[in-house]
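Please read the points alongside the model.

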Amino acid sequence: MSESSCGSNGQIMILPCSGGSNVGQLSNKAAVELTKEGFGKMFCLAGIGAHLGGFVKSAQDIPTLIAIDGCSVGCAKTILEHAQIPVKNHLVITDLGIEKNKDLNLKESEINDVKQGVKKIYAKEVASKLPPPNIMGVGCCCSGKC
Amino acid sequence: MEIKVLGPGCAKCKKTEELVMQVVSEAKIAASVEKVSDLMQIAGYGVFGTPAVIVNGEVKCVGKIPTKQEILNWIKS
C-alpha cells in the first residue's frame, strides 16, 4: 500500500528491486532506511510490475525517481522500461563492489554503502540541472537567464 | 462519466477540485465529480502523492494541479 501525501513534486521516489539475494535485500533495506531518514520515499515496484494504473502514473509523473537494482540482471530497470517509465537514475549494487550471494544477514557497512550510492546519484542529477557557471567560474542566481 | 479528485484537503487538492468542476461545467458534460479525502481510500488507488485525478477509473494525473486544458482533454477523450 502506498502512503499518500499532498504534493509529491519535491519528493524522490525510490524503487528497489527487493530481490531474493543479499544485494536484492540490501536494495530494500537501503530504501527503507532512506525513507525513514526523509531522503525520499520508497514506492511499490510490484504495483508498477502489475501495471496498476495509479502506480504506473505516479512513477511516470514524479520528477525524480531512483531505481536500485541488486545486480546487473536489472529487474527494477526492466520493469520500469516495460511500463514506459524512463530510468534516469539507476544504481546497481554489485557495481559498488558488493558481491552477490544468498546470505540474507545484511552488513551495516554495506547498507550504508548503498545509501551513499543513492545519494551520490541524486547529487549528480541535481548538479546536472544547475545552470552552467559564468565566465568567472561562479554561478549566479539567475537560473541561466542573464 | 465518473471523476474522482483524490486529496486530503490541502490548497492544491482544493484547487484541483475547483478546476475539475469548472471544466465540467464549461464543457457541459454530464459527469459526477467526487472528492475523496479519506487516506485509506486514496492509498487504495496506489498513487504516490496528491492531488490525483481519476476519470472513469483511469488515473490521469498524480502529485500536481492539472491545467484546464489537460482536464478537458481527459473528459473529452
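This is a predicted model: local features need pLDDT of at least 70, side-chain atom pairs count only at pLDDT 80 or more; totals for chains, interfaces and linings use all residues.

1. Strand 3 of chain A, residues 64-69, runs parallel to strand 4 of chain A, and 4 bridges join the two.

2. Helix 4 of chain A, residues 75-82, packs on the sheet. Helix 4 touches strand 1 (12-16), strand 3 and strand 4 of chain A, and its direction makes about 135° with that of strand 3.

3. The sheet as a whole is open and has 4 strands in chain A, in the order 2-1-3-4, with parallel pairing. Its edges are strand 2 (41-42) and strand 4 (89-92) of chain A, each of which pairs on one side only. In general, the strands of a sheet pair through backbone hydrogen bonds.

4. A:Asn22 belongs to helix 1 of chain A, which covers residues 22-36. Is A:Asn22 buried or exposed? A:Asn22 is buried, because its relative accessible area is 4%, under the 20% cut-off. Beyond its neighbours within four places in sequence, A:Asn22 is in contact with A:Ile98, A:Glu99, A:Lys100, A:Asn101, A:Asp103, A:Leu104 and A:Leu106.

5. A:Cys71 counts as buried at 12% relative accessibility, whereas A:Cys44 counts as partly exposed at 23%.

Technical notes
Residues are numbered from 1 along each chain as its sequence is written. Chains are lettered from A and ligands numbered from 1 in the order in which they are written. Side-chain values use heavy atoms; hydrogens and water are left out. Buried means under 20% relative accessible area, exposed over 50%, partly exposed in between (1.4 Å probe, protein chains only). Contact means heavy atoms within 4.5 Å. Two strands pair if DSSP finds at least two bridges between them. Axes are lines fitted to C-alpha atoms, for helices over the stretch in contact, and angles run from 0 to 180 degrees between N-to-C directions.
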